[in-house]
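Please give me a short report on this protein. I am new to it and would like its fold, its core and a few selected contacts.

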Amino acid sequence: MIYHSSIDNLKVSIICNKVSDWNSMSFDKIFANNRKREAVESRYLIFYFMKRHTNLSFDAVGRVGKACGINKEYNHATVMHACKWVRDRVSVEKMFRFQ
């Protein structure tokens, strides 16, 4: 893994695996270069949970692709947008809150 703390590494791998299992998508599909809703939602959820449950910066969260074995990095602004998108969606859609 790419993070300094073994606890952060463990949390990142758990988050990635749980979101991948929940959405039945592989890491290749989640971090693929496309804008399919399922892939984007999964990516955004990974970013949101990583920011919420670890002490990582937005920039470090953007490197989650490398932590999952994918050679892709995301800008800190993308991670900020993802966190805002998930927060907004949770506050509006009740069903999304329970997923």
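## Fold and core

From the N terminus on, the elements run α-α-α-α-α-α-α. The protein has seven helices and zero strands; helices (H or I, at least four residues) and strands (E, at least two) are DSSP runs, numbered from the N terminus. This is a predicted model, in which local features need pLDDT of at least 70, side-chain atom pairs count only at pLDDT 80 or more, and totals for chains, interfaces and linings use all residues. Residues are numbered from 1 along each chain as its sequence is written, and side-chain values use heavy atoms, with hydrogens and water left out.

Buried residues make up 39% of the 99 residues. Buried means under 20% relative accessible area, exposed over 50%, and partly exposed in between (1.4 Å probe, protein chains only).

The largest nonpolar core has 26 residues. Such a core is a set of buried Ala, Val, Leu, Ile, Met, Phe, Trp, Tyr and Cys residues joined through side-chain atoms within 4.5 Å. F31, I46, F47, M50 and V64 touch the most other members. Helices α1 (6–23), α3, α4 (58–61) and α6 each supply at least two residues of this core. The largest share, eight residues, comes from α3.

I46 touches I15, C16, V19, I30, F31 and V64, not counting residues up to four places away in sequence. Contact means heavy atoms within 4.5 Å.

## Aromatic rings

The whole structure holds four aromatic pairs. Rings of Phe, Tyr and Trp (its six-membered ring) pair if their centres lie within 6.5 Å; planes under 30 degrees apart count as stacked, over 60 as edge-to-face and the rest as tilted. The rings of Y44 and W85 have centres 5.3 Å apart and planes at 70 degrees, so this pair is edge-to-face. It links distant parts of the chain, 41 residues apart.

F31, F47 and Y74 form one aromatic cluster.

## A loop residue

Where is T54? T54 lies in the loop between α3 and α4. T54 is buried, with a relative accessible area of 7%. A polar atom of the T54 side chain lies 2.3 Å from the backbone oxygen of M50. Leaving aside neighbours within four places in sequence, T54 is in contact with D8 and K11.

How values were computed
Polar contact = N/O pair within 3.5 Å; in protein donor to acceptor, adjacent residues only side chain to side chain.
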